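Subject: Handover of a structure

Dear colleague,

Please find below the structure that I am handing over to you. My notes on what was found in it follow directly after.

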Amino acid sequence: MKPVVFVQLLAVSLAAHFVTSNSLLSNEVSALMAFKKAIYEDPFSVLSNWNSVDGQDPCKWTGIFCSVDRYHVITLNLSSTSLKGFIAPELSYLTSLRELALHNNTLMGTIPQKIGMINSLELLDLSMNWLSGPIPHELRYLTNVEKIYLQYNGLTGVIPPELSYLRNLVELRLDRNKLQGTLPGNNNSVNFTSNKHGMYTPNQNVTGFCQSPQLKNADFSYNFFSGSIPTCLKYLPKSNFQGNCFKDKDARLQRTTEQCGDTPTAKVHQAPRPEKRRFENETTHHSSSKPTWLLALEITTGVIVGSLLLFAIFAAIKRCRAKPSNIIPWKKTGSMKDHVTISIDTELLNDVLRINRQELEVACEDFSNIIGTSPDSIVYKGTMKDGGPEIAVISLCISEEFWTSYLELYFQREVADLARLNHGNTGKLLGYCRESHPFSRMLVFEYASNGTLYEHLHYGEGCQLSWIRRMRIALGIARGLKYLHTELQPPFTISELNSNAVYLTEDFLPKLVDFERWKTILSKKNSDSICNGNAFCGLPDLIEKRHMDIQGNTFAFGVLLLEIVSGRPTYCKDRGYLVDWAREYLNLPEVISYLVDPELTYFRYDDLRVICEVVSLCVEPDPTKRPSMESVCSSLENGIDISPAADLKGSPLAWAELAIQS
């Protein structure tokens with residue numbers, strides 16, 4: 001019977017090969033095109049030859065390596081190619097993929113759960129990206145995986161204990177994330193012995209990483225893990241655990257108590273219920289032990305083998321007689337979705353106040369109190385009910401038909417990023433509004449009642465901004481930028497730092513507010529950047545600019561100092577750019593007074609000299625030579641006199657008032 005069964009299975013396999021190979025190829029190509037569609041910026045055009053329409057051979061696409069028979073993708077390697085976008089869940093259709101290497105790019109969003117469906121995967125490298133959210137529990141199904149690299153991301157939550165089920169896992173890197181909780185070791189009251197590799201092996205059944213016999217290297221450093229380091233992992237170097245909140249004897253290797261008290265919110269995920277796992281095991285055992293299984297297979301295959309064998313032979317003859325072709329028939333099928341599904345972390349905004357539209361409508365007088373407009377947004381002024389604070393509400397101007405999952409994720413990340421700002425010289429985000437009927441995406445900030453610095457410098461009365469007041473504004477802006485650049489991780493930069501981004505309170509305290517962050521992304525909503533009506537191809541990399549363009553902010557601050565001192569706009573037809581006009585005065589002490597606003601009747605020369613020195617450093621053409629805002633702030637604080645005595649010296653009216661009071 002066994003030879004018969006062997007022949008029957010061989011026939012079925014042969015038939016399945018001829019019948020299903022084309023559809024498998026089609027699904028794999030569709031998966032690759034879905035991946036391409038989820039990438040919104042490709043600066044080096046590495047995906048330019050990914051084109052299934054022209055009948056190109058996908059095995060020749062950049063970063064793609066196929067099997068010997070050229071029917072399946074076995075490697076997708078696009079590491080260090082500066083791709084910016086998201087990881088499409090459709091990659092799970094690459095069922096024969098062995099290596100997925102996408103490290104050192106700017107991939108955002110969460111790790112798709114469907115990645116766990118690629119059980120042929122041996123290498124998963126998503127390190128050095130901007131991924132967020134939890135590590136999917138579904139990775140437990142990567143039964144052949146040997147190496148998992150997820151370091152240098154923004155992953156949160158706990159380590160899924162199911163990772164310990166990966167019996168072939170040799171290397172695991174989770175360092176430089178925001179993970180927390182305890183390491184799943186479960187080695188209490190378990191005796192261990194050391195093997196030839198220096199690793200600990202249990203002498204009884206255990207769970208967690210203590211049951212991972214192949215794990216030779218694991219790095220958990222620079223997260224927020226607590227508790228104790230499992231004994232079975234003590235063979236690893238101490239550096240692989242440093243920068244956490246472990247109860248380690250060597251406290252120098254761990255975070256401070258203050259840092260550990262400000263850990264990111266844990267996202268608790270329930271492990272699979274034991275009953276379900278036991279049921280699966282019992283079912284498998286029962287099925288494998290039944291002798292009727294082979295009999296059932298023989299009967300079934302016996303009935304259909306004739307027709308399948310004839311069909312396979314007919315298909316083979318037809319293929320042999322067909323004309324040879326150099327094009328592999330990889331075509332997109334209708335079974336795949338035409339749009340890309342983006343995984344959005346639903347817990348990203350848990351700690352941010354969500355305000356309903358009706359409440360904002362009442363606060364802003366039926367949205368009639370408009371204080372600013374642009375092609376991409378409308379700004380309303382309002383007052384929250386029951387004596388609440390005055391607010392500025394930014395309503396994004398985009399219709400629901402153009403609001404893609406990309407934009408939704410971008411909006412949520414922006415809200416979460418703005419919510420972490422907490423400084424006296426930065427605008428405070430009070431909450432957000434997200435509703436579908438009517439479609440609304442709004443940001444709610446505290447209101448600065450004195451308008452923008454630009455309005456006071458160029459349209460207001462010059463006497464309102466005395467020298468001392470200007471110096472206080474300059475120092476406040478410097479302190480705000482120092483906070484954004486050096487006290488936040490990752491750092492935060494203003495997308496367009498200028499006098500319009502500086503709002504003044506009633507007592508002229510400067511507040512940095514980045515209302516322009518939406519301009520680039522939303523100004524393209526009616527342009528060719530919208531693909532097929534459902535995907536936003538031109539999503540700008542404002543996130544990266546905000547975190548990486550610190551030197552650009554420093555340059556802009558130098559220009560802003562010139563604008564504050566001179567009262568001149570950053571550009572005008574007569575003098576051109578303010579920086580170019582000012583350069584001939586900056587380094588000449590005898591003529592720097594020409595930089596001062598002629599409307600000012602008083603200024604301090606020592607203050608002006610310090611300002612000019614700082615400006616010269618900030619507008620240095622070579623970005624690497626520009627100072628940090630910490631250094632700039634220190635220079636201004638030590639060199640500028642904003643004491644009450646200085647205010648009295650510069651204000652004859654203040655002296656008169658003081659004389660009357662005495």
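The disulfide between Cys 59 and Cys 66 is left-handed, because the torsion about its S-S bond is about -105°. The model is a predicted one, and the S to S distance for Cys 59 and Cys 66 comes to 2.2 Å. A disulfide is a covalent bond between the sulfur atoms of two cysteines. Buried here means under 20% relative accessible area. Cys 59, at 12%, therefore counts as buried, and Cys 66 counts as buried at 18%.

How many disulfides does a search of the whole structure find? The search finds two. The other pair is Cys 245 and Cys 260, with sulfur atoms 2.1 Å apart. The torsion about the S-S bond of Cys 245 and Cys 260 is about -105°, so this disulfide is left-handed. The pair links distant parts of the chain, 15 residues apart: Cys 245 belongs to strand 17 (residues 245-246) and Cys 260 to helix 2 (residues 257-260). Cys 245 is buried, at 15% relative accessibility, whereas Cys 260 is partly exposed, at 22%. Two further cysteines may be noted for their burial: Cys 612 is buried with a relative accessible area of 4%, and Cys 618 is buried with 0%.

I turn next to the chain as a whole. The protein chain has 16 helices and 28 strands. Of its 662 residues, 47% are buried. Among contacts between residues at least 6 apart in sequence, 62% join residues at least 24 apart.

Which strands make up the open sheet of three strands? The order is 1-4-6, and the pairing is mixed. Strand 1 (39-41) and strand 6 (106-108) each have a single partner strand and stand at the edges, so one side of each is left without a neighbour in the sheet. On average, neighbouring strands of this sheet are turned by 25° against each other, direction ignored. Strand 1 runs antiparallel to strand 4 (residues 84-86), and two bridges join them. Within strand 4, Gly 85 stands opposite Ile 39.

Strand 21 covers residues 429-436 and strand 22 covers residues 439-446; the two pair in the antiparallel sense over seven bridges. One example is Cys 433, whose bridge partner in strand 22 is Met 442. Pro 438 lies in the loop between strand 21 and strand 22, and the peptide bond that joins His 437 to Pro 438 is cis, with omega about -10°.

The peptide bond from Gln 489 to Pro 490 is also cis, with omega near 0°. Pro 490 is located in the loop between helix 8 and strand 23 (502-504).

Helix 8 deserves a section of its own. In soluble globular proteins, nonpolar side chains tend to be buried together. The largest nonpolar core has 75 residues, and those touching the most other members are Leu 443, Leu 453, Ile 477, Leu 481, Leu 484, Phe 557 and Leu 636. Helix 8 (residues 467-486) gives the largest share of this core, 11 residues. Leaving aside residues up to four places away in sequence, Leu 453 touches Leu 465, Ile 473, Ile 477, Ser 499, Val 502, Leu 504, Leu 560 and Ile 564. Another core, of 58 residues, lies apart from it and includes Trp 61, Leu 83, Leu 107 and Leu 215.

At what angle do helix 8 and helix 11 pack? The angle is about 175°, and the axes of helix 8 and helix 11 (residues 550-566) are 10 Å apart. Angles over 145 degrees count as roughly antiparallel, so helix 8 is roughly antiparallel to helix 11. Among the residues that meet are Trp 467, Ile 477 and Leu 481 in helix 8, and Phe 557, Leu 560 and Ile 564 in helix 11.

Finally, two residues other than glycine have a positive phi. Phi of Met 128 is near 55°; this residue lies in the loop between strand 7 (123-125) and strand 8 (132-133). Met 128 is partly exposed, with a relative accessible area of 39%. Phi of Glu 365 is likewise near 55°, and Glu 365 is in the loop between helix 5 (357-363) and strand 18 (370-374).

Yours sincerely

Terms used: Residues numbered from 1 in each chain as written. Predicted model: local features only at pLDDT ≥ 70, side-chain atom pairs only at ≥ 80, totals over all residues. Heavy atoms only, no water. Pairing = 2+ DSSP bridges. Helix = DSSP H or I, 4+ residues; strand = E, 2+ residues; numbered from the N terminus. Axes fitted to C-alpha atoms, helices over the stretch in contact; angles between N-to-C directions. Disulfide = S-S within 2.5 Å. Buried < 20%, exposed > 50% of the residue type's maximum accessible area, 1.4 Å probe, protein only. Core = buried A, V, L, I, M, F, W, Y, C linked by side-chain atoms within 4.5 Å. Contact = heavy atoms within 4.5 Å. Parallel < 35°, antiparallel > 145°, perpendicular 65-115°, else oblique.
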